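Okay, thanks for coming, everyone. Let me put the structure up on the screen, and then I'll walk you through some of the parts I've been looking at.

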Amino acid sequence: MYKAHTHSRTESPTPLGNLSNFNNATPLYPTRCVHTISQEDNNSVLSLVASKRYLFSGSQSSKIHVWDLQTFTLVTILEGHKGTVLGLKLSGDGQYLFSCSGDGTVRVWNTETLKCAYLIQSCHDVGDIFSIVFSDVNNMIFFGSQNTSIQWYDFADSQTHGSTLDIPIIRPSLRQSGKSINFFESGTGMEEQKEEDKGVIKCIIREKNVHMNAHDGYVYCLLHATEVPNIEGEVLISGSGDGDVKLWSIGNGGIKHLHTLHGNPDKGVLCLALSEDGYLFCGVQDGDVQVWDLETHQMIRSVMAHTDDVLAVAISGSGFVSASADGSVKIWNEGFLLKESLTDHAGIVLSLTTYDQYLISGSNDQSIKFWDVPDTTYSTFEPFRRPNGHIQGVPPNDTMLFVLEKWISMRTVSGNPTYLEECRRGARFLKNILQQLGAVSRMIPGAPGRNPLVYGKFIGKKSSSDKSVPTILIYGHYDVISAEDEKNLWGSDPFNMTGKNGYLYGRGTSDNKGPMLACIFAVNELLKEGLLDVNVIFLIEGEEESGSVGFYEAVDKNKELFEDVDMILLSNSYWLGEDVPCITYGLRGVIHATISICNERADLHSGVEGGAVSEPLIDLIHVLGKLVDNNKKVIIPRFYDNVRPVTDAEKKLYDPIIEWMQSSEVLSTDHQSQVNMNSSTSLQHNCCGREMRCHIAVTGNENTEKLKNQLMSRWRYPTLTVHKIDVSINNPTIIPRSAKASVSMRVVPDQVISDICSQFEQYVKEVFSQSNSDNSIYVTIESAAEYWLGDLNSKYFKAVEKAIENEWKRKPLYIREGGSIPAVRWLEKFCHAPAVHIPFGQSSDQAHLQNERIRLLNLHAGKRIIKNLLVSFPKLSDK
């Protein structure tokens, strides 16, 4: 019988009994952990299997978690077992999932409805059922159990076919200490089954379908095979704690013993994997992997692979993978040489499975990890240069995330000369990506010493008529905010994209590299599908985070590239919360100004000159104190004169927002824990992020009008903010000779920026003159950008609404934002075309903050929304 071991051993540099040598060379393209899922119930991941759509994970808590393989998000939890889920298997067509458990039962689940269809148990007390396989040819399931038997259920046998009536419940025998693997133990104990599932067919395995004493130990693992050398038909392979492996033929409603591969009785067989060329890999106790040639029935290798029990093996390419209680996953080549050792898990590695190019591992650290194992059949990676419609050397289904990971690694921080070359590298990378995906692309020089713009154009196919092809301009940016000063607040390297629990973490994942790539790949997919009936221009700048320096001049110099634009599209903002999609239809404009007060004296000692001179800092404080009153209203004369009145139609737009806010729990501060789950430091932020985001705490039955006014204060009314004060010398005993304040004003329809600037400068100087100071004052307008307000009645906004509703199955909220994107209104005027704004990210995306992220679900959904919109656009142009 198998018993848990407490001793450990050290691997030999040249393993005893193994003719292979360890390969210490670092692989050119190492295996990478591309995503990590934390199991929701904080229990060990005992079993794994993947269909084309889902990953199923069996846990210590008796639950089966179902994960979406595209977004890495939890779809549902299958409940029914009363003990640990020890084994999972899919039917060949993927229609059914078979699970076996420590409660002594087998369940069959429909993978479309994700409901239990059958509940099967033996007429004996089998104890734990460790392993299960399914024969598609014979329509039979086989399982190996703790009582050393192999049993099977024949779905075609009318004598064993079940019913929806109750069946006798056989209470599993109590476990004896040390008789079973310690990590299989259930924390809740074994309970009698309660009322049976309604509509579930209950079945009992009869005596004729039981092979008692199939081994002299627990039957830990089973394998189903159809092409075993020198054996015709289907074969069942079993491995046991007695150290032996047995081969059985399947037929005539049962199994027949064919051959026994005699192993070491002190090395119980815990897992099995079979290669296409007839090699059987057996993971055994104490860390070995035995390799049997099934043609000769000889053990040709005993690889001393790990320092503790090998709990899972899988075939990967021409080699194999092993996972162990020592916490490592190891990848071996076809010559049984070690290629890599993966040690990211923080506990025992209990399970393995594969899906496409991914290797998936589960551990008692409650995590599931997805590993991207390089496929040597792909050509060596080449730089992004050839415009052939796909990325060189990358599996097509992973291309977008692969490119995003490479782009995130480039520190494209604008406004800092240190990163100038890195920004140029990021721009060149993007240009080459566009070219390789089918666009005509080039870099447009920006201002001297600043980052270039990236231009790309995809050409749509012409219709049979003579009408011109519509053109859409998609605007975005590739520059990011620096993360160097906050590295200790991130849960991972901000410039190394990390996947966790369905989110991608990294600087730029949400603002704005992720959404931009989703748009680019949406267009590329339409191009490949022959459905691109519009021209799409990409204009992606590298100075957005620094005020779009040089942007307007660069675009104006190349105006011939932007002719006949019908619509401008951008995605550079976020939902109001976590669960409801939004459309942004308004942004405030902004004026950045500096107020400086200074004199020609040197800095003075306050103990000598204090009280005898006019102090610039005191003068500045007096001026700043008269800009905004105690009710947060700007005091500048005529500041509000041209603010557009609120109409009844506008007020109605706030009603669904207020209704959602009052019913949603997303805006509570509790959701902030989600944001910080990836952080190594406990953060104390109650709002997350970018200036354009809005969080309002809603408690109880908050007054509707009050909530509307709060939103309007943030979105559609003008404001004035003092950001910081700088002095010529920062010393507590010195009177600084100069003081300077940074001020911004948010402007709204229908304020005129030139009027506001003039009124501001005039008022500031007037207030200063009242102080009778001998200092001098200077007002400088640093930059200004107009507000933007979309036309909600336009056909373009209606088309966006429809595309979003088709994707998310609910109407989006129409929101405005208090921040500014300087280029939007300017591009509208320059192109004589309207703009629409589709937020991709959630409110907790943390743009500009530590642990910036985007949900994979949103990224893929955003790509589909853009495709839907572009497909519908030619019809809009006909209206």
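So, helix α7 goes past helix α9 in a right-handed crossing. This is a predicted model, by the way, so keep that in mind throughout. α7 covers residues 648-663 and α9 covers residues 704-715. Their axes sit 10 Å apart, and the packing angle is about 110°. That angle makes α7 and α9 roughly perpendicular to each other.

Who's touching whom here? On the α7 side we have K651, Y654, D655, I657, I658, M661 and Q662. Across from them, α9 brings in T704, L707, K708, L711, M712 and W715. If you sort the contact of α7 with α9 by class, you get eight nonpolar, two polar and three charged residues.

Next pair: helix α1, residues 399-408, and helix α3, residues 513-529. Their axes are 10 Å apart, with an angle of about 145°. α1 and α3 make a right-handed crossing. From α1, the contact uses T399, M400, V403, L404, W407 and I408, and from α3 it uses K513, G514, L517, A518 and F521. How many residues of each class are in the contact of α1 with α3? There are eight nonpolar, two polar and one charged.

While we're around α3, have a look at the loop leading up to it. N512 lies in the loop between β34 and α3, and the peptide bond from D511 to N512 is cis, with omega near 10°. Then there's N501, in the loop between β33 and β34. N501 isn't a glycine, but it has a positive phi of about 55°.

There's another cis peptide bond, joining P749 and D750, where omega is about 5°. D750 belongs to the loop between β42, residues 738-747, and α10, residues 753-769.

And α10 takes us to one more helix pair. The axes of α10 and helix α6, residues 616-624, come within 9 Å and cross at roughly 125°. So α6 is oblique to α10. α6 passes α10 in a right-handed crossing. The residues making that contact are D619, H622 and V623 of α6, together with V764, V767 and F768 of α10. By class, the contact of α6 with α10 comes to four nonpolar, one polar and one charged.

Okay, on to the strands.

Strand β4 is residues 64-68, strand β5 is residues 74-78, and they run antiparallel, joined by four bridges. What is the bridge partner of I64 in β5? That would be L78. Five residues lie between the strands of this hairpin, and F72 takes a positive phi near 60° there.

Now for an open sheet of five strands, in the order β6-β7-β8-β9-β13, with mixed pairing. The edge strands are β6, at 85-90, and β13, at 201-205, and each of these pairs on one side only. On average, neighbouring strands of this sheet are turned by 20° against each other, if you ignore direction. Inside the sheet, β8, residues 105-110, and β9, residues 115-122, pair in the antiparallel sense over six bridges. Among those pairings, T105 has Q121 in β9 as its bridge partner.

There's also an open sheet of four strands, β10-β11-β12-β14, and here the pairing is antiparallel. Its edge strands are β10, residues 129-135, and β14, residues 210-211, each pairing on one side only. Strand β12, residues 150-154, is joined to β14 by two bridges, and I150 stands opposite H211 in β14.

Last thing, confidence. The mean pLDDT of the protein is 87, and 85% of its residues reach 70 or more. But where does pLDDT stay under 50? One such stretch is residues 1-22, for which the model has 55 contacts beyond four places in sequence. Another is residues 165-193, with 63 contacts of that sort. Where pLDDT is low, the predicted coordinates should not be read in detail.

Notes:
Residues numbered from 1 in each chain as written. Predicted model: local features only at pLDDT ≥ 70, side-chain atom pairs only at ≥ 80, totals over all residues. Heavy atoms only, no water. Axes fitted to C-alpha atoms, helices over the stretch in contact; angles between N-to-C directions. Parallel < 35°, antiparallel > 145°, perpendicular 65-115°, else oblique. Left-handed = near helix turned anticlockwise from the far one by under 90°. Contact = heavy atoms within 4.5 Å. Nonpolar A, V, L, I, M, F, W, Y, C, P; charged D, E, K, R; others polar. Pairing = 2+ DSSP bridges. pLDDT = per-residue confidence, 0-100.
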